[in-house]
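Dear colleague,

I am passing on the structure below, and I would be grateful if you could look it over alongside the notes that follow.

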Amino acid sequence: MKTCVMIPTYNERENIGSLIGEIVHLKISDLHIVVVDDNSPDGTAEVVKNLSKKHPEVALLLRTKERGRGSAGITGFRYALEHEADYVIEMDADFSHHPRYIPSLLEAMQHADVAIGSRFIGGGKDVNRGVIRKVITNLAGIYVRVLLGLQIKDVSSGYRCFKRKVLEAIELDSMISIGPSIVSEVFYRAHLKEFSIKEIPIAFEDRIHGQTKLNYKILLKTLLMVLKFKRLNKRGLLFKGNQPGD
Ligand SMILES: Nc1nc2c(ncn2[C@@H]2O[C@H](COP(=O)(O)OP(=O)(O)OP(=O)(O)O)[C@@H](O)[C@H]2O)c(=O)[nH]1
Ligand SMILES: [Mg+2]
């Protein structure tokens, strides 16, 4: 089974080298890594390019015209599908999503179409996070779950593994997220297509190196996007294949 780990990056020079090192160290057979970098000013791409010379299983997708967590993710998914991946893992570069959970995510694929690294099920936790950030994550989580009707506990987890058929079915071409709302959009689409979703516990650790790209403006935009998915789906317009009123 071919696995592709897709990592979107923006200014992750201090993290990406050691993250790739830890993933390679897991020695999972037929595992490939693709980093989708938006021409980070800190030279993240250069680190990945150098590593790819030593490790042929590491690839760099350098985007010089586009910017955004969402569109980078879609580019990475397309790459994984084109390169015949059976499983696609998506994770952040900042070590909040530790590679030690990759084997459990892959194991969970025996029983589900999507596996999620979750902070909010038994055994999972949110480490080193400030109280305000925790409250925001929880409130935003309730909003997304209620609005989109998701059963998932950790709806903002960008650490997940998909079977190929899920990414083929959710219609990447009709996805509308440019930014971080991609995390919920993918869950919503997978839920509407009735794929089975399983959460596995992870300890989510706050980043030590580099800076978050999230701010209140982006958070608000993300929450508004969730409303937009819901509305589009109600009108039968979320999936291109749908007819209005479907
Ligand atoms: N290619 C690309 N990657 C991005 C962009 N914005 C964020 N990322 C990456 O997406 C991942 C998540 O971004 P973070 O800034 O850690 O956001 P977050 O995890 O929601 O917020 P924190 O928990 O505060 O770190 C990281 O690997 C980022 O480098 C972007 O515009 N383009
Ligand atoms: Mg992060």
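**An aromatic pair and its surroundings**

Phe 77 and Phe 162 are both buried. The model is a predicted one, and a search through the whole of it finds 1 aromatic pair, which is formed by the rings of Phe 77 and Phe 162, whose centres lie 5.6 Å apart and whose planes stand at 85 degrees, so the pair counts as edge-to-face. The two residues belong to distant parts of the chain, since Phe 77 sits in helix H3 (residues 69–82) and Phe 162 in strand E7 (residues 160–163), 85 residues apart.

**Helix H1**

Helix H1 (residues 13–25) consists of 13 residues and reaches 19 Å from its first C-alpha to its last, which is close to the 18 Å expected at 1.5 Å a residue. Its buried residues are Asn 15, Ile 16, Leu 19, Ile 20 and Ile 23, and, seen down the axis of H1, they fall within an arc of 120 degrees, so they line one face of the helix. Glu 14 and His 25, on the other side of H1, are exposed. The cover over the buried residues of H1 includes strand E1 (3–9), E2, H2, E3 and helix H4 (102–108). Just after H1, Lys 27 takes a positive phi of about 55 degrees.

**Strands E2 and E3**

Strand E2 (residues 31–37) pairs with strand E3 (residues 58–62) in the parallel sense over 5 bridges, and Asp 37 has Leu 62 in E3 as its bridge partner. Together with helix H2 (residues 44–54), E2 and E3 make a right-handed β-α-β unit.

Technical notes: Residues are numbered from 1 along each chain as its sequence is written. Chains are lettered from A and ligands numbered from 1 in the order in which they are written. This is a predicted model: local features need pLDDT of at least 70, side-chain atom pairs count only at pLDDT 80 or more; totals for chains, interfaces and linings use all residues. Side-chain values use heavy atoms; hydrogens and water are left out. Two strands pair if DSSP finds at least two bridges between them. Helices (H or I, at least four residues) and strands (E, at least two) are DSSP runs, numbered from the N terminus. A crossover is right-handed if, with the strands pointing away from the viewer, the path from the first strand over the helix to the second runs clockwise. The expected span of a helix is 1.5 Å times one less than its number of residues. Buried means under 20% relative accessible area, exposed over 50%, partly exposed in between (1.4 Å probe, protein chains only). The arc is that of the directions from the helix axis to the C-beta atoms. Contact means heavy atoms within 4.5 Å. Rings of Phe, Tyr and Trp (its six-membered ring) pair if their centres lie within 6.5 Å; planes under 30 degrees apart count as stacked, over 60 as edge-to-face and the rest as tilted.
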